[in-house]
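Please keep the sequence and the model in view while reading.

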Amino acid sequence: MDGKLAVIGLGSIGAMALWQASRLSDSVTGFEAHAPAHARSAVGGDTRLFRMIYRGNPDLYPILERSRTLWTELEAETGQNILTRCGGLSIGTKDGPYLTALLETTRTNGADHDILSRKDMAERYPQHNLRPDDIAVYDPHAGALRTDRAVTAAINAAQANGATIHTNTPIDSITETGDRALITSGDKTWTYENVIIASGGWSQRLMPDYLKAATATKRCFLTWFVARDASEFSPEKFPVFIRISGDRSMYGAPSIDGVTVKATLDGRGAPTPNADAVPRELSAAEILETTETVTEFFPGLFPNIVRSDAYPDLFTTDGNPLLGRCSENSRIYVATGFSGSGFKNATGYGEIAAHEALGKRTFHGLDFARPQRYKTV
Ligand SMILES: Cc1cc2nc3c(=O)[nH]c(=O)nc-3n(C[C@H](O)[C@H](O)[C@H](O)COP(=O)(O)OP(=O)(O)OC[C@H]3O[C@@H](n4cnc5c(N)ncnc54)[C@H](O)[C@@H]3O)c2cc1C
């Protein structure tokens, strides 16, 4: 036996799972196909939004609260500044479907928030050119997560705790043999008590058929713009935002390099057959809609895309993650399928996966995320 736990994929969630597992056991190993935090994974693109205010599943809220605590712990343990606490804005049509659903989830969760009128917005955040019937909800705990820094910090912390790392080692197969799980990469073989699949957009290659059928790898792109006055888009003045105003939607983050501002069309994941060959160029239609939206929403940005890229993520059919063993007594645990919204919760998801895969603790209230929801027999 080579150890108690192998984590396959040291991207967003795998790195956090390894960090958490290294706090629980001195016998954990991480395998990464490339270099950890490489830019072709869902870690790419510098930042991800962290928000406590959202619309949708209230069962996610305890994980968000725990994740927020763990981001602070990771920063304290590694001395890295990972979460830029700049607040967040959810902008939309007053009484429209987006803000109505968002406020309902927010009130159910009891999340801190402030409602900002159009006038409040003009005074506090004039960068946003609102429509006449737009308002905003301010999230004081939101911010921008530095993705590459987060993943690197977690891996460094795991190594400091004694975890073993194999980089440039793509795992080809996982086989269960009663009391162990056997994994291979080329002609090499290892055996572990348990294995976590945290391979993001590549996970289908290692997952059982019933989960392949319930998932799809999708391409999500990002775009950046140059500000006419970069200081107006600094983290001190410009919170992360999501905006759905009528027919247009966009989300983004403040400038972290002092020059460019991330502003991207919201919710545009498109299926891609191969996570290794995600088309990086934007189509003419994507460019047109992006520049039209920036022209309307942000007069302070030059409406030309100065940087763009695209990355894979694994989406489930119901949009909820996959966290749990493949079957009741399986030694294979899946932590994937984060469906375009997993980074904010990466620390919380990593903690759940590490504890459960090592058999240390079972978390409750996670039926919505259990792989078994997709089992038909
Ligand atoms: C453009 C974009 C914008 C997003 N915006 C947000 C946001 O604002 N807020 C938010 O919370 N979330 C956001 N998300 C979602 C979030 O980034 C993802 O849900 C999350 O990062 C997925 O993490 P992961 O660990 O599953 O995958 P990844 O981070 O992609 O990690 C998978 C890792 O596994 C490795 N791997 C794959 N196969 C193997 C193998 N066989 N053997 C070994 N290693 C392997 C890969 O090389 C990679 O390093 C966004 C996603 C994208 C793509």
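The largest nonpolar core has 72 residues, and W71 and I196 have the most contacts inside it. Such a core is a set of buried Ala, Val, Leu, Ile, Met, Phe, Trp, Tyr and Cys residues joined through side-chain atoms within 4.5 Å. Buried means under 20% relative accessible area, exposed over 50%, and partly exposed in between, with a 1.4 Å probe and protein chains only. Leaving aside neighbours within four places in sequence, I196 is in contact (heavy atoms within 4.5 Å) with residues including L5, V7, I8, Y333 and A357. A second, separate core of 25 residues includes A136, F225, F233 and V278.

The model is predicted: local features need pLDDT of at least 70 and side-chain atom pairs count only at pLDDT 80 or more, whereas totals for chains, interfaces and linings use all residues. Residues are numbered from 1 along each chain as its sequence is written, and side-chain values use heavy atoms, with hydrogens and water left out.

Attention now turns to the ligand. Of the 34 residues around the ligand, S12, E32, H38, D313 and K344 come nearest; a residue is near a molecule or strand if one of its heavy atoms lies within 4 Å of it. By class, this shell has 18 nonpolar, 12 polar and four charged residues. Here Ala, Val, Leu, Ile, Met, Phe, Trp, Tyr, Cys and Pro count as nonpolar, Asp, Glu, Lys and Arg as charged, and the others, Gly among them, as polar. At least two shell residues come from each of α1 (12–24), β3 (47–50), β13 (215–226) and β18 (307–316). Helices (H or I, at least four residues) and strands (E, at least two) are DSSP runs, numbered from the N terminus.

Which polar atoms lie 2.6 Å apart between E32 and the ligand? They are a polar side-chain atom of E32 and an oxygen atom of the ligand. A polar backbone atom of G342 is 3.0 Å from a ligand oxygen atom, and one of G340 is 3.3 Å from a ligand nitrogen atom. The protein buries 96% of the 1000 Å² that the ligand exposes when taken alone; accessible areas come from the Shrake-Rupley method with a 1.4 Å probe, and for residues only the protein chains shown count as cover.

Several single residues complete the picture. F221 lies in strand β13, and F221 counts as buried because its relative accessibility is 5%. Not counting residues up to four places away in sequence, F221 touches residues that include Y251, L265, R268, E286 and D309.

T105 belongs to helix α3 (residues 97–109) and is buried, with a relative accessible area of 7%. A polar atom of the T105 side chain lies 3.0 Å from the backbone nitrogen of G56. Beyond four places in sequence, T105 touches Y54, R55 and G56.

N345 is found in the loop between β20 (332–336) and α8 (346–357); at 3% relative accessible area, N345 is buried.

A37 has a positive phi of about 70 degrees although it is not a glycine, while phi of D46 is near 75 degrees. A37 is buried at 18% relative accessible area, whereas D46 is partly exposed at 24%.

Conventions
Polar contact = N/O pair within 3.5 Å; in protein donor to acceptor, adjacent residues only side chain to side chain.
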